[in-house]
Amino acid sequence: MSAVSSPLLQVRGATVAFGGVLAVNDVSLDVMRGEILGIVGPNGAGKSTLFGAIAGGVPLKSGTIELNGEDVSGRRASYMSHRGVARTFQKVRLFASMTAEENVLVAARAHERSSAGANERAAEALDRIGFLANRRVPVSGLSLADRKRIEIARGLAAKPTLLLLDEMMNGLTVEETDALIEAIRSLPSEGLTIMLVEHVLQVVRSLCDRLAVLHHGQLLVEGDPAHVLSRPDVAEAWLGRATGQEGHE
Ligand SMILES: Nc1ncnc2c1ncn2[C@@H]1O[C@H](COP(=O)(O)OP(=O)(O)OP(=O)(O)O)[C@@H](O)[C@H]1O
């Protein structure tokens, strides 16, 4: 298999246990280069835990995770970051008193020693996600939608090959969601692979090339979004118990 067509990430039999709870249970999944893969499922299905195992810092009880053919199972987040994996968190983690630019610079400096280089990285990351205009405004004065973009820019400042986006649309209006979908859609053409956890159906349908459904920590099904979403077992496992955020429909 050529490097181009081989998966960027291979998850094999990944299992994560918290005490007696198997938060991720024997999950195997390939993530192809340049795709946007949606990870969906009801609350508590194991989506964020799977992200944690991939982004580093959440140890596997069993199984393996390979990135570019390297076994990275159980590695720390800092190691994964330098291997090209960046993530955002459900709860935006920004320094409120700092500007957008300063927040992104903090992330950029972890990857670039020279301040000129870090400034360049930060500006490029903000530009990629369409947020250069208000970059000098303190974060405390920005909308949630803007803060989500800054959170993504912080991830992009690492120049990742794999970006994990955790529920970016939570709390956004329909218009803000549409705008962020457009911004995210343009990213993979610049050599980026994206995995995203999302509850909003509109996002999943219009943004993802493929979907993987988790339920009780296990992979229920993966494949084309239209096919996956039409399955009765998916509707029952996920849509039947969704939280109402899919009201964007
Ligand atoms: N640090 C932890 N300690 C103990 N149990 C945990 C921990 N993190 C997650 N869990 C448990 O693991 C399971 C999977 O949780 P996880 O947060 O990964 O699900 P999720 O699909 O991301 O849910 P949500 O959509 O609500 O964010 C749940 O039963 C949760 O209570």
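**Labels and their grounds**

Modeller: This is a predicted model. His216 has 15 C-beta neighbours inside 10 Å, so it counts as partly exposed.

Colleague: Why does that count make His216 partly exposed?

Modeller: Buried needs 20 or more, and exposed needs 12 or fewer. His216 has 15, so it falls in between.

Colleague: Where is His216 found?

Modeller: In the loop between β9 (210-215) and β10 (218-223).

Colleague: What is the phi of Asn68?

Modeller: About 50°, positive, and Asn68 is not a glycine either. Asn68 sits in the loop between β4 and β5 (70-71).

Colleague: Why is Asn68 called partly exposed?

Modeller: Asn68 has 16 other C-beta atoms within 10 Å. That is between the limits of 12 and 20, so the label is partly exposed.

Colleague: Now the ligand. Which residues surround it?

Modeller: Phe18, Val21, Ala23, Gly41, Asn43, Gly44, Ala45, Gly46, Lys47, Ser48 and Thr49. The elements giving two or more residues to this shell are β2 (21-32) and α1 (47-55). The largest share, 3 residues, comes from α1.

Colleague: How does the shell divide by class?

Modeller: It has 4 nonpolar, 6 polar and 1 charged residues. Gly counts as polar here.

Colleague: What makes α1 "mostly covered"?

Modeller: The count: 9 of its 9 residues are buried. Among them are Lys47, Ser48 and Thr49, which also belong to the shell around the ligand. Leu50, Phe51 and Ile54 are buried too.

Colleague: What follows α1?

Modeller: Gly56, with a positive phi near 100°.

Colleague: How do you know how confident the predictor is?

Modeller: From pLDDT, which runs from 0 to 100. The chain has a mean of 90, and 93% of its residues reach 70 or more. Over residues 242-249 the pLDDT is below 50. Beyond near neighbours in sequence, that stretch has 15 contacts in the model.

Conventions: Residues are numbered from 1 along each chain as its sequence is written. This is a predicted model: local features need pLDDT of at least 70, side-chain atom pairs count only at pLDDT 80 or more; totals for chains, interfaces and linings use all residues. A residue is near a molecule or strand if its C-beta atom, placed from the backbone, lies within 6 Å of it. Helices (H or I, at least four residues) and strands (E, at least two) are DSSP runs, numbered from the N terminus. pLDDT is the predictor's confidence in each residue, from 0 to 100. Two residues are in contact if their C-beta atoms, placed from the backbone, lie within 7 Å.
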